[in-house]
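Keep the sequence and the 3D view open and try each task before reading on.

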Amino acid sequence: MPGRHRNVRRIHPVTSAIAAVFAVALVASGGFLVYRQLSEPACSGEAPLTVAAPAELAPALQETAAALTAQKAEVDGACMSVQVTAADPADVAAAVAALRGLSLTGVGQPSGSTQVPDVWIPDSATWLARVSAAAPNTAVQEAPSIARSPIVVAMPEPAATGLGWPSAKLTWPALLQQMTSGTKLHVGIVEPTRDSAGLSGLLAMASAASTSPNAQAATTGALRSLAAGRSVLRQDILARFPRANDPAAIASGLSAAPLSEQAVIAYNAAKPPVPLAGLYLEPAPIALDYPYAVMPGIEPERQATAARLLEALQTPSFRDRLAKVGLRGPDGGFGAGATTPRGAPEVMGAPAPAASPTAATTTAAVERILSTWVAVTLPARMLAVIDVSGSMLQQVATAGGATRAQVTLEAARRGLGLFDDSWAVGLWTFSTEMDGSKDYKQLMPIGPLSSNRTGMLSKLAAIKPKPTGDTGLYDTILAAYQAVQKDWDPGRVNSVVLMTDGDNDDDNGISHDALLAKLKEIADPARPIQVVILTIGDVSTDPLNKITKLTGGGVFSAKDPAKIGEIFLKAISLRSGQPS
């Protein structure tokens, strides 16, 4: 067993014989460390360690920590003292990011009581990837999995039986078809920006949609369908499953939701009137893998204690503790005493290594789908402002010779397709002297997409660059900010989204210093307006960053104009409603 061995004091022969009998019994029950405590000098002092883990995993960790304390397990002669706290992975991720002055897509700020621990065990390695993508200096060297739970589509058993469960296999494309073409299937999801099971299900759904002939429309339809049934908390989703075993209750209740296998096991353990079936769809979504992440920068003594705890979490006794709370071991198999769901495979394939070649691709896919999700689901009031100066006629080699204006307008058109009818959107163009002496021109005032969508698409299609026009950037930013401020809506994120390929070159307009002074004068913290600026090609971003630092929002650069679509989604998704 792990730990240091010391010289054992001499023991009377009779005592030795009794101890030997106890040793056999204790070894058989996994209690060898307790026996060693009887025959060795006790440790002294404390070797402390703080651990944060999801609520479903915390009891198994707390039981292991208590056993180590009872055994007086030691690190360099000091007694291990492990404090395990149940913490929402999203809150810990927010706290880690906040230390670097950053935020993650859709996560927001940590709760006031959340602390960054010595060891963080989120429910999925996707949390570590998202944090390290935002702040590379927070990346952990190694984070071995200590438990596993596959992602299933949870359905009331009568509904699942109607689809041929447990013998028939439902595919993701088939589920997507039922979601978007019928009205009988009520699908829910836990907010995927904050819930790993929700994110995994969203990725699987988007992957299925991407194979459709009209991939964008299919993806948008799937996201909107899921968004209609989303909940912030897992317990809220579970509470929406039918509570009575009659046709009316089953028809009106939630029909399906991507959840972890563990959540289904825990739900059914409470003996509900309508148990849930877990459907294991192929290809299997990203499983929850509970990585053991020692946070960078902790003291060497705590690193040693963390290593000693990890040893205890790789023993058969911990695997059995996982089984009691409905979790599998890291190899995908259950420990002793597990309640295996009906139709579940005995062993799930092991997850891909964290450093696999697909890791970067997966992280990019996560950020892309979350950006799209937030763009679809966040209620907003937005003024889109598009550069039509002469430089927008420049061709883009990486876009098949299309002009900068064409790739920008295509990005705007695709973005408009993601926004549902709850959005309010307006459209301006700008260059120089677009409307008399004004550098900007209103094509459509801010109004509901429910009635303006067709008109907006028509206006976008008719936009043409002004061959002799320069870039009247600063006058336009001020006017757009004031236009959004005029009818500010407290129930939405109010924003200006401006796309440009040039620096301000209007000698007759407001200066940069004067613009900053005016924005500082008129900005109202109680009525925030995000200014999001997307630059195309080589544009100086320092002056623009100073603007968005005052207003909130941000500057996003597409050095390759062909990438403007991706940048557009990222920019839209990071609107928080508060100045950064």
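**Exercise 1. Find the residues, apart from neighbours within four places in sequence, that T403 is in contact with.**

Solution. Contact means heavy atoms within 4.5 Å. Skipping those neighbours, the list for T403 reads M392, L393, Q394, Q395 and V396. Take M392 next: it sits eleven residues from T403 along the chain, and the two C-alpha atoms are 6.7 Å apart. Now place T403 itself: it belongs to the loop between β11 (380–387) and α16 (404–418). Helices (H or I, at least four residues) and strands (E, at least two) are DSSP runs, numbered from the N terminus. Finally, T403 counts as buried because its relative accessibility is 13%; buried means under 20% relative accessible area, exposed over 50%, and partly exposed in between (1.4 Å probe, protein chains only).

A word on the ground rules: this is a predicted model, where local features need pLDDT of at least 70 and side-chain atom pairs count only at pLDDT 80 or more, while totals for chains, interfaces and linings use all residues. Residues are numbered from 1 along each chain as its sequence is written, and side-chain values use heavy atoms, with hydrogens and water left out.

**Exercise 2. Work out where Q485 is placed and which backbone oxygen its side chain reaches.**

Solution. Start with the place: Q485 is in helix α18 (residues 473–486). With a relative accessible area of 18%, Q485 is buried. Its side chain reaches the backbone oxygen of I522 at 2.8 Å. Beyond neighbours within four places in sequence, Q485 is in contact with I522, and also with A523, D524, R527 and I529.

**Exercise 3. Describe how helices α3 and α14 pack.**

Solution. Two packed helices are described by the angle between their axes and the distance between the axes. For α3 (residues 58–70) and α14 (residues 316–324), the angle is about 145° and the axes are 9 Å apart. Axes are lines fitted to C-alpha atoms, for helices over the stretch in contact, and angles run from 0 to 180 degrees between N-to-C directions. Next, who touches whom? From α3 come A60, L61, E63, T64 and A67, and from α14 come F318, R321, L322 and K324. Sorted by class, that gives five nonpolar, one polar and three charged residues. Here Ala, Val, Leu, Ile, Met, Phe, Trp, Tyr, Cys and Pro count as nonpolar, Asp, Glu, Lys and Arg as charged, and the others, Gly among them, as polar.

**Exercise 4. How many salt bridges does the structure hold, and which parts does the D91 and R194 pair tie together?**

Solution. A salt bridge is a side-chain nitrogen of Lys or Arg within 4 Å of a carboxyl oxygen of Asp or Glu. The structure holds 18 of these salt bridges. One of them joins D91 to R194, with the closest N and O atoms 3.2 Å apart. D91 is in helix α4 (residues 89–99) and R194 in the loop between β6 (189–190) and α8 (196–209), so the pair ties together parts 103 residues apart in sequence. D91 counts as buried at 15% relative accessibility, whereas R194 counts as partly exposed at 21%.

**Exercise 5. How far apart along helix α19 are K518 and E521?**

Solution. The side chains of K518 and E521 meet in a salt bridge (3.7 Å, N to O). They are three residues apart in α19, so about one helical turn separates them. K518 counts as partly exposed at 27% relative accessibility, while E521 is exposed at 58%.

Methods: A polar contact is a pair of N or O atoms within 3.5 Å; within protein, one must be able to donate a hydrogen and the other to accept it, and residues adjacent in sequence count only if both atoms are side-chain atoms.
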